[in-house]
Amino acid sequence: MAVSLAALTACSGTGSGSGSAALRIMVPAAPGGGWDQTSRQAEAALKSLDSAPKVEVFNVPGAGGTIGLAQLAGEKGNGNMLMTMGLVMVGAIETNKSAVTLSQTTPIARLTEEYEMIVVPANSPYKTTADFVTAWKKDPPKLSIAGGSLGGTDHIVAGLMAEASGIDPKQVNYIAHSGGGEAVTAVLSGKASAAISGVGEFLEYVENGKLIPLAVTSAERIRGVDAPTLKEGGLDVVLTNWRGMVAPNGISDADKKKLTDIVTKMHASPAWKDTLAKNNWVDAFQAGPEFATYLQDQEKRVKGIISRMGIGS
């Protein structure tokens with residue numbers, strides 16, 4: 001590789017976040033969620049490499065990642081920073097009418113795809129998707145669903161499930177949280193009837209019997225996950241979440257290449273491959289112009305979905 005990882009130590013950014021750290025990775029959400037997991041696993045994979053750079057992961061939670069996005073905008077030209085993001089942020093930008101958009105970032109790479117899971121507590125009267133939908137249709141607002149930010153992937157899944165069930169999506173009693181960890185707490189404490197998040201965020205609780213998986217949002221059953229698909233439960237809904245990394249706007253071509261190179265090398269590491277397998281994340285690596293084009297397409301698609309569902313209107 002033309003640019004060594006050690007070269008990061010020579011980076012000098014113009015943003016306020018440069019500090020002494022060679023590379024800072026912003027998590028625009030609370031600890032415990034998918035972005036946090038992705039960032040900290042990326043940190044571990046980076047540290048496993050030869051000539052490992054110094055890495056710092058920090059959290060800036062709130063508003064579906066748009067608070068962090070606004071902070072990233074203030075780091076214009078800083079070639080020492082990355083921000084983990086994904087489909088959730090694309091929706092949150094629309095829902096929150098964010099003044100800062102992803103066009104004001106530098107796309108670096110898409111990393112993973114992950115299917116969503118719908119769960120209920122072990123003592124729930126609903127053991128299947130059909131059970132839940134039957135009760136939901138009788139009184140939609142009565143059943144609350146916990147998930148991530150408004151307009152994010154989890155919320156979109158809830159709305160699409162409602163549509164497929166013949167329920168007005170505007171009647172969904174959706175309780176938004178800053179991260180998947182908070183959604184788990186809500187459903188385990190009985191503050192929510194069900195919860196939606198990435199499969200990896202629920203597996204521990206499913207395996208120890210605290211949560212029951214009603215369904216996953218994949219087209220076919222996921223290997224190693226004992227849960228039916230929504231289609232098997234009678235709802236024609238398939239949705240894939242994804243996560244990636246962007247850098248501040250205005251960075252130099254050299255810094256863009258350097259950041260792309262280091263994320264590419266991280267992606268190829270044995271530590272990252274182990275992370276993918278452990279969390280049931282699908283390897284969806286895509287860097288450079290291809291990711292930039294994908295991001296633009298996702299923005300158009302999500303804008304249409306949110307408009308149809310009336311989220312944020």
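Visitor: Which residue lies over the face of F58?

Guide: R24 does, at 4.0 Å from the ring centre. A charge counts as over a ring if NZ of Lys or CZ of Arg is within 6 Å of the ring centre and within 35 degrees of the ring normal. Y294 has the charged end of R110 over its ring, 4.2 Å from the centre.

Visitor: What should I know about the model before we go on?

Guide: It's a predicted model: local features need pLDDT of at least 70, side-chain atom pairs count only at pLDDT 80 or more, and totals for chains, interfaces and linings use all residues. Residues are numbered from 1 along each chain as its sequence is written, and side-chain values use heavy atoms, with hydrogens and water left out.

Visitor: OK, how many aromatic pairs does the structure hold?

Guide: Five. Rings of Phe, Tyr and Trp (its six-membered ring) pair if their centres lie within 6.5 Å; planes under 30 degrees apart are stacked, over 60 edge-to-face, and the rest tilted.

Visitor: Why is the pair of W242 and F291 edge-to-face?

Guide: Because the ring planes of W242 and F291 stand at 85 degrees, with the centres 6.1 Å apart. W242 is in strand β9 (residues 240–248) and F291 in helix α10 (residues 289–309), so the pair ties together parts 49 residues apart in sequence. Helices (H or I, at least four residues) and strands (E, at least two) are DSSP runs, numbered from the N terminus.

Visitor: And is W242 buried or exposed?

Guide: Buried, at 1% relative accessibility. F291 is buried as well, at 0%. The cut-offs are under 20% relative accessible area for buried and over 50% for exposed, with partly exposed in between (1.4 Å probe, protein chains only).

Visitor: What about W272 and W281?

Guide: They form a tilted pair, 6.1 Å centre to centre with 45 degrees between the planes. Both are buried. There's also an aromatic cluster made of Y126, F132 and W136.

Visitor: Switching topic: where is S39?

Guide: In helix α1 (residues 34–47). S39 is buried, with a relative accessible area of 0%. A polar atom of its side chain lies 2.8 Å from the backbone oxygen of W35.

Visitor: Leaving aside neighbours within four places in sequence, what is S39 in contact with?

Guide: I25, M26, V27, V57 and T84. Contact means heavy atoms within 4.5 Å.

Visitor: Which residues line the largest cavity?

Guide: Among them are L23, I25, A42, M245 and I262. The elements giving two or more residues are β1 (23–27), α1 and α8 (253–267), and α8 gives the most, with three.

Visitor: How about the second largest pocket, what's its volume?

Guide: About 180 Å³. It has 13 lining residues, with Q37, G200, E201, E204 and Y205 nearest its centre. The largest share, six residues, comes from α7. In that helix (residues 199–207), V199, G200, E201, F202 and L203 are buried.

Note on methods: A polar contact is a pair of N or O atoms within 3.5 Å; within protein, one must be able to donate a hydrogen and the other to accept it, and residues adjacent in sequence count only if both atoms are side-chain atoms. On a 1 Å grid over the protein atoms alone, a cavity is a set of points where a 1.4 Å probe fits but cannot get out, and a pocket is an open set with protein on both sides within 12 Å along at least five of seven lines; lining residues have an atom within 4 Å of a point. Grid points are joined across faces, edges and corners, and a volume is the space filled by probe spheres set on the points.
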